[in-house]
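Thank you all for coming; please have the sequence and the model open while I talk.

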Amino acid sequence: MSAAPATPANIERQAIVSGIGRSRTGRRLGRPAIDLTLDACLAAIADAGLTPRDIDGLTTWPDSAAPHGFGGPRAGDLHSLLRLDLSWILGGGDGANVIGVLGIAAHAVAAGLARHVLVYRTVTEATAQNGGGRPAVLSGSAVAPWKTTYGVGSPVQFAALWARRHFDRYGTTREQLGWIAVNNRRNAADNPAAVYREPLTLDDYLSSRMISDPLCLYDCDVPSDGAIAFVVSHVTHRRDVERPVFFEAVGGGRPSTSSWEFWPDLDHMAATAAAEQLWSRTALRPEDVDVTGIYDGFSIFVPLWLEALGFCAPGEAGAFVEGGERLARDGGIALNTSGGQLSEGRFLGFGLAYETFLQLRGQAGARQVTGPRVGLVTGGGGPLAQAFLFTNDR
């Protein structure tokens, strides 16, 4: 493995993930979001060998009063509760969506605006459902009247368009897509924190109810409760951390339009632009990656990401995932070793990052990949995307 030297063009290499923390996670925990948040944040701070008094930066996403348990406590509220002495704070908002706040925290640390940035994400979507259904996620948005009039109330309907396009153009099949869900469930069996751990066969997948053709129940991620937090520190803090994880490169993309239905080419997500930027900031290449946390809010995002990142050529992802051998923990890319969002639970990319850090720190227990040195994490799907490379060796 060879890594590019740190330059002004890739200043994220001046940052490390020094601490990770997680609250209890699961279905319908019934606990206040602030309790879960404090559990995760205090665990991450302690894991970094710090106290709250050492934290001088704070960020989260979405940092808004999002409905249906989608958004946790605001950054300002956590600032007050932990009595933090901050020099830098950012509410994630739109520009840092999903896991983008990780990159922003790294750049803040590299620029000297803070030394230790606390990054957190909290969801209580499962409790918000209260054991039953919930309004479609788009029902409370400003654009809802323009979409729900035509029967569009959920992102799964947009994701289904992307899937159908890939099926029709490249011959991708439901059987091929099903191997992603089967592989995730196989990994989740070894994860005590996963929502779904029971075995899932390809026949189980194919016989499950259709949600939005061609995407079925097991193509959709699982609403969950929980909080996950990280401490992003300046690289000089590595001397005080037993298992630092180093930022290698970041990439992002939101080209053309933020509206799924008006995307000019359904063969490509914004992942294409994010991947291009990622690889331009490092000497590493896809073949150097040992473990991957690829965003799977809907299973179709995984093949689209694989193509965008260069693990396979455009149109070849169906054959790449078929059989699941390449996805397995010993198969090459070690995909979503926690069970991913399809089985572990929906933590909007933060769960994928947490698992990747565990793998790079050698702390993944029964799920541990042998000797990983490079981890890749992606966030988002459809018209926005982020991608990160991390290493444990520099």
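Predicted model: local features only at pLDDT ≥ 70, side-chain atom pairs only at ≥ 80, totals over all residues.

In which sense, left-handed or right-handed, does helix 1 cross helix 2? Helix 1 passes helix 2 in a right-handed crossing, a crossing being right-handed if the near helix is turned clockwise from the far one by less than a right angle, and left-handed if anticlockwise. Residues are numbered from 1 along each chain as its sequence is written, and side-chain values use heavy atoms, with hydrogens and water left out.

Helix 1, residues 33-47, and helix 2, residues 75-82, pack at an angle of about 65°, with their axes 12 Å apart; these helices are DSSP runs of H or I with at least four residues, and the axes are lines fitted to C-alpha atoms over the stretch in contact, with angles running from 0 to 180 degrees between N-to-C directions. The two helices are therefore roughly perpendicular to each other, a term that covers 65 to 115 degrees. In the contact, meaning heavy atoms within 4.5 Å, helix 1 contributes Ile34, Thr37, Leu38, Cys41 and Leu42, and helix 2 contributes Leu78, Leu81 and Leu82.

Turning to the loop residue, histidine 237 sits between strand 7 (225-234) and strand 8 (245-253). Histidine 237 is buried, with a relative accessible area of 5%, where buried means under 20% with a 1.4 Å probe and protein chains only. A polar atom of the histidine 237 side chain lies 3.1 Å from the backbone oxygen of alanine 48.

Methods:
Parallel < 35°, antiparallel > 145°, perpendicular 65-115°, else oblique. Buried < 20%, exposed > 50% of the residue type's maximum accessible area, 1.4 Å probe, protein only. Polar contact = N/O pair within 3.5 Å; in protein donor to acceptor, adjacent residues only side chain to side chain.
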